[in-house]
Amino acid sequence: MIGDERPPGGDRPALPPPADVSANLARLADTVARLRGEVDHAHAVADGRGLIELAKGVLMERLHCTPSDAAKQLESLAGRAGMTLLEFAADVVGEAAEDRITEVTQEFLARAEGEESVAVRLRTAESGVLAAGDTQRVAESILEHALRPLGATAVAVWLAGPDGSLTLAGSAGFSAEEAARWCYVPPGVATPARSALIERDLVWLPALAGGGLPSIGQHTLSGGRVTVPTGTGGRIIGVVEMCWPEPLPAEPGRPRRQLEALAELCAHTLDTWDGVVAPVAAGGSGDFLGELADFIDGLHDPAVLLSPCVDGGDRLSDFRIHHANVRFADPGGRPRSRIVGTRLLETYPLAAEESGLLDKIQRVYATGEPFRADSMALTTLVDQVPLTVLTDISVTRFAGNVLLILRIQDDAAKLAALLQHAQRLGRIGGFEENVVTGAITWNTELFALYGLPPNAAPLSLHELPKHAHPDDAPAIGRFLRAVLHHKRPSSTAFRLQRSDGVARHIRVVAEPVVDGRGALVAVRGAYQDVSSQHWTEVALAATRDRLAETEQEARERNRLALQLQHAIMPPAKGPIDMPGLRAAVRYRPAEKEHLVGGDWYDAVALPTGEVLLCVGDVAGHGIDAATGMVSLRNALRGLAATGAGPAQLLTWLNLVAYHLTDHVTATAVAAVYDPAHRKLRWARAGHLPPIVRHRDGTATTLPLIGGSLLGAVRDVTYEEEEIQLAEGDILLIYTDGLIERRDRPVQDSVSRLVTLVDGHDGGLEHQLDRLLTYSTADTDDDTCVVGIEVTTTGPVTG
């Protein structure tokens with residue numbers, strides 16, 4: 001009791017006064033009440049933490065965010081909704097699951113009223129399953145507390161054997177007779193449970209009647225079935241089969257995780273079913289693994305013992321090389337001491353990619369079904385260089401571990417396999433004919449080339465003309481004389497006529513074998529199917545002929561386009577003197593003839609005394625662009641005789657371009673100059689605006705008025721502007737070939753051109769020559785520049 005002990009060297013202390021005792025008891029009672037409240041609060045928080053964490057997981061999946069962001073988002077949404085964090089988490093999980101979880105949570109929140117909730121019953125069922133040692137009671141508990149609320153009426157728990165068999169370890173909802181009939185399913189029998197075992201994943205059957213797979217209770221319960229594999233550490237121990245009386249939806253939907261969680265509850269009792277402890281898994285008794293190592297050392301085959309590596313989440317992540325016997329030879333030539341104790345992916349990192357060896361080992365470990373393969377390619381890294389070898393593989397699950405037998409094929413077998421593979425790819429068949437005994441040896445590919453079965457009699461070289469096209473007989477005769485009589489290596493090509501009616505182009509190569517006296521003993525050689533090569537050469541020859549014709553046609557079209565362009569607009573032309581102005585033109589065609597374009601210009605004196613100035617650029621190159629340019633240029637000349645303004649002229653010219661049969665599109669600038677008043681009216685159709693260099697030396701661009709390119713749409717309205725020019729002003733109209741660059745915006749190129757014009761003080765023609773000289777365009781397009789210098793009214797002499 002408190003106060004019974006006496007302090008060393010002193011008497012027993014006196015009792016505190018009654019008032020002090022009452023005060024201490026009150027403080028103790030307050031402390032107990034506070035601690036009880038903290039405990040109750042901790043219990044309440046613990047009860048709701050799982051639901052809140054599940055809601056955070058839903059938000060992480062939907063919003064693709066981190067756990068901390070999901071927690072912040074959950075608190076923010078709960079505050080906006082005016083709900084507690086637990087209430088809002090229940091709504092989130094209920095909406096995501098689309099099952100009875102919302103009802104479970106609502107009953108959990110109403111627990112204070114004394115009603116037993118579904119959540120409490122589910123927790124009770126889980127505790128009962130974990131404590132039960134009987135798989136039959138586990139099946140009954142899962143059906144009663146978890147599956148019936150979901151509509152299921154029966155459940156079967158199967159134990160998977162190492163040979164792929166299934167044993168009924170527990171069931172509920174089936175009759176005793178039905179359970180007795182399905183107590184054991186031999187290996188290889190296709191059932192829904194075996195499908196889940198092979199696929200290592202949940203199998204969803206909307207209706208058993210349409211699935212075609214027999215199973216327990218198939219005559220009374222033909223509704224939906226769900227089979228889920230269960231196990232621990234990546235090893236499948238059994239399968240849980242759940243049955244519904246009615247068909248299920250076509251897709252599992254969101255209840256998938258709940259059904260997988262229920263199946264995991266059965267792993268506890270299946271691992272110790274019928275009182276027999278399951279095989280020792282990785283991390284078990286070291287003595288047991290030592291016995292396995294001794295067993296492997298006694299094998300005549302090179303073998304490796306692999307132990308599973310399970311992470312913190314009870315998931316299989318890799319295998320550790322626990323032991324390798326003395327007969328094991330590493331494909332990379334490393335000693336056994338360097339690989340024993342390492343992980344499989346550390347030693348053979350490419351096993352998870354190319355060969356798929358890791359996936360096959362995991363499947364064997366999970367299902368227990370062995371795997372064997374001959375001539376399997378295994379790639380390993382030796383000094384960071386990939387090395388591929390052919391191996392014979394055997395994988396077996398052995399006492400909770402994996403036994404891997406790895407036989408590397410010897411060099412002779414490897415070379416034979418590689419040679420056979422090369423012959424198959426090259427469609428080559430080899431032969432040897434003994435001229436003394438008459439024995440003939442063919443390989444398998446040669447029988448396939450001749451269209452003969454492998455058990456047919458090989459054909460002698462003397463019979464070759466009988467199976468060839470008659471026109472090839474002279475070539476075959478020269479080949480046989482060279483090999484058989486002159487004893488020289490030779491080759492020839494012929495058309496093989498097979499018995500099945502198929503004709504193939506074949507090349508045969510042969511060399512004689514002579515003895516010490518020079519007598520012919522045998523002939524060795526090979527046949528190769530060169531049909532694809534022959535027809536490829538024929539197709540190439542026809543293509544070359546067609547290409548030559550096409551190139552000739554293209555050269556002729558380019559020549560005509562260039563002649564047409566030069567006839568309309570010569571590359572070099574002197575200045576044009578007209579009333580009140582002086583015009584000069586510089587035209588630079590494309591460097592390549594096939595890029596002959598549709599740039600055009602014109603300057604026409606109108607009957608009204610005004611002058612029509614225009615520059616255009618037809619889209620495209622070649623003869624179509626040149627003929628389109630001629631059509632638009634002549635059409636504009638005719639329309640200008642009406643006396644209409646530039647905007648109206650472009651409106652009519654757009655209709656001309658739109659209705660041309662070649663679907664011509666173009667840009668253009670049209671201007672009408674009045675020499676008497678030195679006024680210029682102009683309009684643009686998708687063209688770059690002109691540049692004016694005033695007589696004081698400054699240069700500016702005209703405003704970018706509206707107007708789309710010609711021929712694009714039928715009805716277009718063009719804007720028109722008027723500017724006042726002075727004597728000595730120079731107007732420059734150009735096409736995009738003067739400034740266009742692939743690495744620079746057009747506006748930057750225009751600004752550079754304005755700077756180039758602004759810094760020049762020479763005459764008109766020198767101005768145009770300088771623009772062409774310092775042009776930085778890199779598109780190899782044709783270029784047209786028209787310059788108009790305002791002069792005194794009346795003709796100007798040179």
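Helix α21, residues 746–758, gives the most to the lining of the largest cavity, with four residues. The structure is a predicted model. The space inside the largest cavity comes to about 80 Å³. Its lining is made up of Leu738, Ile739, Arg744, Ser749, Arg752, Leu753, Leu756, Leu771, Tyr774, Ser775 and Thr776. Sorted by kind, the residues of this lining are six nonpolar, three polar and two charged.

The search of the whole structure finds three cavities of 30 Å³ or more. The second largest cavity holds about 60 Å³ of space. Around this second cavity stand Val304, Leu306, Ile321, Phe328, Ile339, Leu344, Tyr348, Leu357, Leu378, Leu404 and Leu406. At least two residues of the lining come from β7 (303–310), and at least two from β11 (401–408). The lining of the second largest cavity has 11 nonpolar residues, no polar ones and no charged ones.

**Salt bridges**

Side chains of opposite charge can pair when their charged atoms come close. Across the whole structure, 20 salt bridges are found. Three of them are set out below.

| Pair | Closest N to O |
|---|---|
| Aspartate 577 and arginine 582 | 3.5 Å |
| Glutamate 765 and arginine 586 | 3.3 Å |

Arginine 586 is buried, its relative accessible area being 14%. Glutamate 765 is partly exposed, at 29% relative accessibility. This pair also belongs to a network of salt bridges that links Arg586, Glu765 and Asp769.

Aspartate 715 counts as exposed, because its relative accessibility is 61% and the exposed class begins over 50%.

**Positive phi angles**

Most residues other than glycine have a negative phi, and most peptide bonds are trans. Which value does phi take at arginine 200? The phi angle of arginine 200 is near 55 degrees, a positive value in a residue other than glycine. Arginine 200 sits in the loop between α8 (192–199) and β4 (203–205). With a relative accessibility of 26%, arginine 200 counts as partly exposed.

Lysine 487 is another residue other than glycine with a positive phi, near 55 degrees. The loop that holds lysine 487 runs between α17 (473–485) and β14 (490–497). Lysine 487 is partly exposed, at 35% relative accessibility.

Conventions
Residues numbered from 1 in each chain as written. Predicted model: local features only at pLDDT ≥ 70, side-chain atom pairs only at ≥ 80, totals over all residues. Heavy atoms only, no water. Salt bridge = Lys/Arg side-chain N within 4 Å of Asp/Glu carboxyl O. Buried < 20%, exposed > 50% of the residue type's maximum accessible area, 1.4 Å probe, protein only. 1 Å grid on protein atoms, 1.4 Å probe; cavity = no way out; pocket = protein on both sides within 12 Å on 5 of 7 lines; lining within 4 Å. Points joined across faces, edges and corners; volume = space filled by probe spheres on them. Nonpolar A, V, L, I, M, F, W, Y, C, P; charged D, E, K, R; others polar.
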